[in-house]
Amino acid sequence: MSTLLELSGVSVSFDGFKAINNLAFQIGEPEMRAIIGPNGAGKTTFMDIITGKTKPDEGRVLWGEKSINLIGKSESMIAREGIGRKFQKPTVFEDQTVRENLAMALKNPRGPFEVLFYRKSAEGAARIEALAEEINLTEQLTRKAGELSHGQKQWLEIGMLLAQDPRLLLVDEPAAGMTPAEREKTTEILVEAAKSRAVVVVEHDMEFVRRLNCKVTVLHEGSVLAEGSIDHVTQDPEVIDVYLGR
Amino acid sequence: MRKSFLAENPSVLWFLACLGLFTLGVTLLAEATGAGVISTSFVKTLGKVLCLCLVAIAMDVVWGYCGILSLGHFAFFGIGGYAVGMWLMYARTETIVTQNLAERTIPATATEINDAIATQIFGVVGSSEFPLIWAFSHSLFLQLLLVVLVPGLLALIFGWLAFRSRVTGVYLSILTQAMTLALALYLFQNDSGLRGNNGLSGLQNIPGFEAVPQSMISMAFFWASALALALGYVLFARVLSGKMGSVIRAIRDDEARVRFLGYHVESYKLFVFTLTAIIAGIAGALYYPQAGIINPAEIAPIASIYLAVWVAIGGRGRLYGAVIGTAFVSLLSSWFTGGGAPNVNLGFYTIQWTEWWLVLLGFSFVAVTLFFPGGIGMIFDRLKKDAL
């Protein structure tokens, strides 16, 4: 397992409030990692920094074998480097069909002219079918994404993420608002994905995190409070104090 | 490829068939080529409406599909008109001047001819010299190139600056509006080089075709406008089909999400903005020879707002909606403002439509926005749904 992403000394503040404070973080490939932490711990800002939405005040974000610095790169460039992101609220293109949503995410050249002259290929279609099966949406391919249930939208978004074929997946609260059965399926999808890539899951639900059965990083006030197995961190007195005890 | 594209988009074929039938009908009824039921001036009106439909589908692509509410596309339309108008005016004045000077015993030198043309054109703004921007006006080819290049480059530079700074929504609308206003105000100046508020006139006289009656010239422009609309429609339908259309609509709905999918949103917006500006320029170049005159008032911000109103009433996000809205509203407008509609006497007050038409239009715009967001085009969507 080699290091895929490394953050060191990263800090960012908004109007004097330190959202991320001297944060250090590492993830290898393949690896599954869960990030937990109370509200305002900086989980979303952490993802914003990696994906280029927020520029940190200081620190380094290094990516891949060549240790490319991601700071200053645009969101689309970072996405093309191989970082996919799933938002807390499912954001799929509701006006378009499930197939169109997946086709857009499919790993292909992203320039306007390449897309303009893009031809549908049997290979692409097969890939979409395979993805749809993986996320349980084969029957829904021709339906508009807006007609899907909340859980299905979450899956579609995960499917779009997988279609991008990223090396690192950032997943924000994937199980929010899901039924127990849907959660189980989501766990399956994520565990499967983590066999070949790095997956970072931000989640509130401890039961869900426990089921992922992976290393856990606890964030608090913008830096890492504890790291280790779920049993290790849940027994850490500091963690209990700031998070679990409440 | 082409065949499968048309087969996948039956609405394009429907549109082309309707446009073809309409063109044929007008041809058969016109003065020059048919029964003579339709007057030359009405042929010109219809030809102009077709050009407006072309700029409206461009507006629909940039606004209805890509979500950029540009209030500046009529500026590109006007620039196209000015570009072609410069050649028309130059060439026609040249013919007249050469004829006049030929009657003299000593043949005129090239400089004398040039000065005479300049005096003829710029006398109204107190100048007798060609401004720099008229450098290419002697050449039809170069001016036609400018019809495409000037709106294209302006849109490219403006769009690059605006999109790069991530200006979106209403702020972008205000910026485009400001661009239009600045351009119109500049052109209003006498020393702008484009004859100030006099604008360019006599554009209906096509140099080299003096012997051809206006009824025939108007027919030719009508056909050209219909062809341009057909080609523009197919072009846009092609751009909006498949994955490109998918990405463009996705940008309208959630551009941040599109970025995280790895698409460089700014490039796409720039592509759409520039392409539609070029088509708007071409539409303008076909429109103004039929109108006969162009002046800076044509570029005033209100014109671009009308464009948005037409597209909204027709139903944005549907190419045919933009065509229907534009044809419907602009023809209705010329009926009301041309005194076609009978005034309504309320006893205590008489509603004169020439004045009240704008109020009516305003109310319809509000009503459509609030109650029928799909506009007139929604009727077709219903029919399509029923048919399935």
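# Exercises on a two-chain model

Chain B has 388 residues, and 43% of them count as buried (20 or more other C-beta atoms within 10 Å of a residue's own; exposed means 12 or fewer, partly exposed lies in between, and C-beta atoms are placed from the backbone). This is a predicted model, in which local features need pLDDT of at least 70, side-chain atom pairs count only at pLDDT 80 or more, and totals for chains, interfaces and linings use all residues. Residues are numbered from 1 along each chain as its sequence is written, while chains are lettered from A and ligands numbered from 1 in the order in which they are written.

## Exercise 1: the two chains

Task: Find how many helices and strands chain B has, and how many chain A has.

Solution. Start with chain B, which has 14 helices and four strands (DSSP runs numbered from the N terminus: H or I over at least four residues for helices, E over at least two for strands). Its radius of gyration is 22 Å, close to the 21 Å from the globule rule for 388 residues, so chain B is as compact as a globular protein of that length. The radius is taken over C-alpha atoms, and the rule is 2.2 Å times the number of residues to the power 0.38. The C-alpha trace of chain B spans about 80 × 55 × 55 Å along its principal axes.

Now take chain A, with 10 helices and 10 strands. Here the radius of gyration is 18 Å, close to the 18 Å that the rule gives for 246 residues, so chain A too is as compact as a globular protein of its length. The box filled by its C-alpha atoms is roughly 55 × 40 × 35 Å along the principal axes, and buried residues make up 45% of the 246.

Last, look at contacts (C-beta atoms, placed from the backbone, within 7 Å). Among those between residues at least 6 apart in sequence, 76% join residues at least 24 apart in chain B; for chain A the figure is 68%.

## Exercise 2: the open sheet of chain A

Task: Work out in which order the six strands of the open sheet in chain A stand.

Solution. The order is β6-β7-β8-β3-β9-β10, with mixed pairing (two strands pair if DSSP finds at least two bridges between them). At the edges of chain A's sheet are β6 (83-86) and β10 (223-228), each with a single partner strand, so one side of each is left without a neighbour in the sheet. Direction ignored, neighbouring strands of this sheet are turned by 20° against each other on average.

Next, walk through some of the pairs:

- β6(A) and β7(A) run parallel, joined by four bridges; G84(A) is opposite L169(A).
- β7(A) and β8(A) run parallel, joined by five bridges; L170(A) is opposite V200(A).

From β7(A) the chain goes through α7(A) to β8(A), in a right-handed β-α-β crossover. Right-handed means that, with the strands pointing away from the viewer, the path from the first strand over the helix to the second runs clockwise.

- β3 (31-36) and β9 (215-220) of chain A pair in the parallel sense over four bridges; A34(A) is opposite V216(A).

Helix α7 (residues 180-193) of chain A packs on the sheet, touching β3, β7 (168-172) and β8 (198-202), and its direction makes about 145° with that of β8(A). For such angles, axes are lines fitted to C-alpha atoms, for helices over the stretch in contact, and angles run from 0 to 180 degrees between N-to-C directions.

Finally, four of the five residues of β7(A) are buried, so this strand is largely enclosed by the rest of the structure.

## Exercise 3: around A175(A)

Solution. Beyond neighbours within four places in sequence, A175(A) is in contact with R183(A), T186(A), E203(A), D205(A) and F208(A). One of these, D205(A), is 30 residues away in sequence and 8.0 Å away from A175(A), C-alpha to C-alpha.

## Exercise 4: where the chains meet

Task: Find how many residues each chain gives to the contact.

Solution. Chain A gives 20 residues and chain B gives 21. On the side of chain A, the elements giving two or more residues are α2 (75-81), α3 (98-105) and α4 (112-116). By class, that side holds nine nonpolar, five polar and six charged residues. Ala, Val, Leu, Ile, Met, Phe, Trp, Tyr, Cys and Pro count as nonpolar, Asp, Glu, Lys and Arg as charged, and the others, Gly among them, as polar.

Definitions and conventions. Contact = placed C-beta atoms within 7 Å.
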